[in-house]
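Here is a briefing on sheets, helix packing and a ligand shell. Please read it alongside the structure.

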Amino acid sequence: MKTTILGHPRIGEKRELKKAIESYWKENIDETTLLKVASDIKKKNWLNQKEIGIDIIPSNDFSLYDQVLDMSLTLNCIPKRFRELKNKVSFVDLYFAMARGFQKDSFDIVAMEMTKWFDTNYHYLVPEFEKEQKFELNSCKIISEYQEALKEGIKTKPVLVGPLTYLLVGKEKENGFHRLELLDRLLPTYIQLIEELQNEGATNIQFDEPYLSLDLTLKEQEAYFKTYTLLKAKFPKITFILANYFGNLNDNLNLTLSLPVDVLHVDLVRGLDELDSILVHQNKNQILSLGIVDGRNIWKNNFDTSIEIINKAKAIKGDNLWISSSCSLLHSPYNLDNENGGSIPEEVTQWLAFAKQKLQEIVLLKKIAKNNLQASDIKEIEANKLAFINKNNSTLIHNNQVKNRINALTEADSLRNNIFVERQKTQKSALKLPLFPTTTIGSFPQTKEVRSLRLKYKKHQLSEEKYNSFLEKEITSAIRFQENIGLDVLVHGEFERNDMVEYFGERLNGFAFSSFGWVQSYGTRCVKPPILFGDVSRENPMTVKWTEFAQSLSKKYVKGMLTGPVTILQWSFVRDDQPRAATCNQIALAIRDEVANLEKAGIKIIQIDEPAIREGLPLRKDNWATYLKWAVNAFKISASVVKDETQIHTHMCYSEFNDIIANIADMDADVITIETSRSEMELLDVFVDFKYPNEIGPGVYDIHSPRVPNINEIEHLLIKATKLLPPENIWVNPDCGLKTRDWPETISALENLVASAKLMRERV
Ligand code: GLN
Ligand code: ZN
């Protein structure tokens, strides 16, 4: 029996790598210094695992930006537009250019596309393929990392993105072929790579194939069989570790069990339902790697439950077992010890495990299974038991009032009083907005001053009084500005908010906040998700004060601004002791109370942002309906408390609506604002085809760039929209909030936006 993990966090315990890379970009440090920081982190990670007692330690789980991009460079799969750079800049700079684009000297090359890695919040760089794509072994990163670890006395298990996952997560950049057809061209390079690793002395190689968690076509299934049969036949002495994670194997189970690999890793956090079947059907000599410690969450492993599972597997597999993390610990924060003295309540801390603690859990689980315990281990096991007993009864988690309210929910709580067409009439006569009403999505530029004063206030270096008067000043000038340029529906600007989820989490019971719980989102960008540990409740209004203040300054309507329950859920570490749907409903009730308070305070228009609805979709389509049902319903619970004349908006950026348009319609928001400017309104088509009845604000201003759209451009987009939608259903707004922009471009862009709406009114 052996212990292993699929990968280690790599950004550095205190985000050292992030800081070094960003200094390198700013040319404050040179390449040698950057690579030294990287190599120190790798060394630390390896020695940390060794010290804790992990038997099989991965390498090539480190990356300066992204492991899929690393693979593209290893395979020399470099998009044409970057090839010219190859001889002009260093390898590292070429790598960063592919990740971030290159705008220097006479070059202006756009970056590779980035998208979410399965259903995580980690983003990878999408491999780009041409019809005549060639692959050849290019970078020696994998080999040199292996050697680097060897110098530390550690014989690692190199981790490769498996050939099929690599191809399948990529994109064809030309017509006339499917990327799977490139397999025969790709495999020789993988073979060469494995050969070199073998020559260096590597015996274990991990092939990450999370694509097995998705629905596969027959051709894809056949490709899996062909690939691993071929590779294994070439390298009989290499231990092939095939790692699936993020889901169960489902329809791919038989296929996977038929692959001639030596170790099969399965994700038991997401795929426990299949363990029995695997144990029955797995080849007797194949090792089973049990992904039992959750790599994507921050809760302690329940040893009682895990040991039961391990013992069951042991009864059949004997010592042919590995104990592992469900997926790479890349998705976990580094080390809970750093939170000592931080803001997580002590009671909550004892329920948590970050990456370092997860390593310890894995080692301890093996010891328990082997009945090889020392006194200190027994103490740990006792502590684990106690933590779970305490968790079951903790009043920090369990709130009967909340549970009773959830039980009392009825269908009527998710329904507005009347259907949309009725409400629309009522709202039109109550609100009396012009045709093509103009508005923004909520936030205004978060200037250096706004950020620094908010931080000072948080650190108690600025009195509440001074901070409040600063916010009053900012809101007042934002309202005056919006009135001056003639926007129709105003916002207060969100200056008091650091982040759209954190702000609400900090004001709700059931959430805790770590100090160093950073997780890589993409490249050097890290996020620190709130820890949602208990029943969610709201004691006091969270947004009423500032919204009411803003409204008091103007005769125009000020839109209340809230984050929706699904987005709060999706962007937090969520408790695992009840279904996500149940947690989501609790958040929905808290938001519902806020909506009711805003209405009572005289706010006529309330926006509930739900940008994360789409990304919550399960990996397999079979599971979509269940998710969409509870997610949409949670939104409706939060929104349906108001009178007909109160207008509910929702906002969803970077979403595609194909496949889910019926569910979006079912949300029944009076107005939905979406991001459409970069797609030239293409995203509207699905609304049109579906005959989506409610009002829509298709974004006409790309807020991701400082570029100011001119009046004609915006008008052109609006004319397009009027060809698709009835004019009385169209709103005019930017794609998303403006917090990342500066004031000068914001002012000009919004002036143009208002001017184009005026032109549109003259047209009809
Ligand atoms: N109201 C938020 C803002 O304007 C919405 C942000 C988002 O959709 N990501 O900043
Ligand atoms: Zn948005």
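**Helix 13 and its neighbours**

Helix 13 and helix 15 pass each other in a right-handed crossing. This is a predicted model.

- The axes of helix 13 and helix 15 (residues 355–370) cross at roughly 55° and come within 10 Å.
- At that angle, the two helices are therefore oblique to each other.
- Helix 13 contributes Phe-303, Ser-306, Ile-307, Ile-310, Asn-311 and Lys-314 to the contact, and these meet Leu-365, Ile-368 and Ala-369 of helix 15.
- By class, the contact of helix 13 with helix 15 holds six nonpolar residues, two polar and one charged.

- Eight strands make up an open sheet with parallel pairing, in the order 1-14-13-12-11-10-8-2.
- Strand 1 (2–3) and strand 2 (58–59) are the edge strands, and each pairs on one side only.
- Within this order, strand 13 (residues 287–293) pairs with strand 14 (residues 321–325) in the parallel sense, over five bridges.
- Gly-291 has Ser-324 of strand 14 opposite.
- Helix 13 (residues 303–317) packs on the sheet and touches both strand 13 and strand 14. The direction of helix 13 makes about 175° with that of strand 13.

- Strand 19 (residues 531–537) pairs with strand 21 in the parallel sense, over two bridges.
- Leu-532 stands opposite Val-574, a residue of strand 21.

**Helix 24 with helix 25**

- The axes of helix 24 and helix 25 (residues 624–639) come within 7 Å, crossing at roughly 20°.
- Helix 24 and helix 25 are therefore roughly parallel to each other.
- The crossing of helix 24 past helix 25 is right-handed.
- On the helix 24 side, the contact is made by Ala-581, Cys-584, Asn-585, Ala-588, Leu-589, Ile-591, Arg-592 and Val-595.
- Helix 25 supplies Trp-630, Ala-631, Ala-634, Ile-637, Ser-638 and Ala-639.
- The residues of this contact divide into 11 nonpolar, two polar and one charged.

**Helix 6 with helix 8**

- Helix 6 passes helix 8 with a right-handed crossing.
- From helix 6, Ile-142, Ile-143, Tyr-146 and Gln-147 meet Leu-193, Glu-196, Leu-197 and Glu-200 of helix 8.
- The contact of helix 6 with helix 8 has five nonpolar, one polar and two charged residues.

**Around ligand 1**

- There are 13 residues around ligand 1. Of these, Ile-441, Gly-442, Ser-443, Pro-611 and Gly-737 come nearest.
- The shell around ligand 1 comprises six nonpolar residues, four polar and three charged.

Definitions and conventions: Residues numbered from 1 in each chain as written. Chains lettered and ligands numbered in written order. Predicted model: local features only at pLDDT ≥ 70, side-chain atom pairs only at ≥ 80, totals over all residues. Near = placed C-beta within 6 Å. Nonpolar A, V, L, I, M, F, W, Y, C, P; charged D, E, K, R; others polar. Pairing = 2+ DSSP bridges. Helix = DSSP H or I, 4+ residues; strand = E, 2+ residues; numbered from the N terminus. Axes fitted to C-alpha atoms, helices over the stretch in contact; angles between N-to-C directions. Parallel < 35°, antiparallel > 145°, perpendicular 65-115°, else oblique. Left-handed = near helix turned anticlockwise from the far one by under 90°. Contact = placed C-beta atoms within 7 Å.
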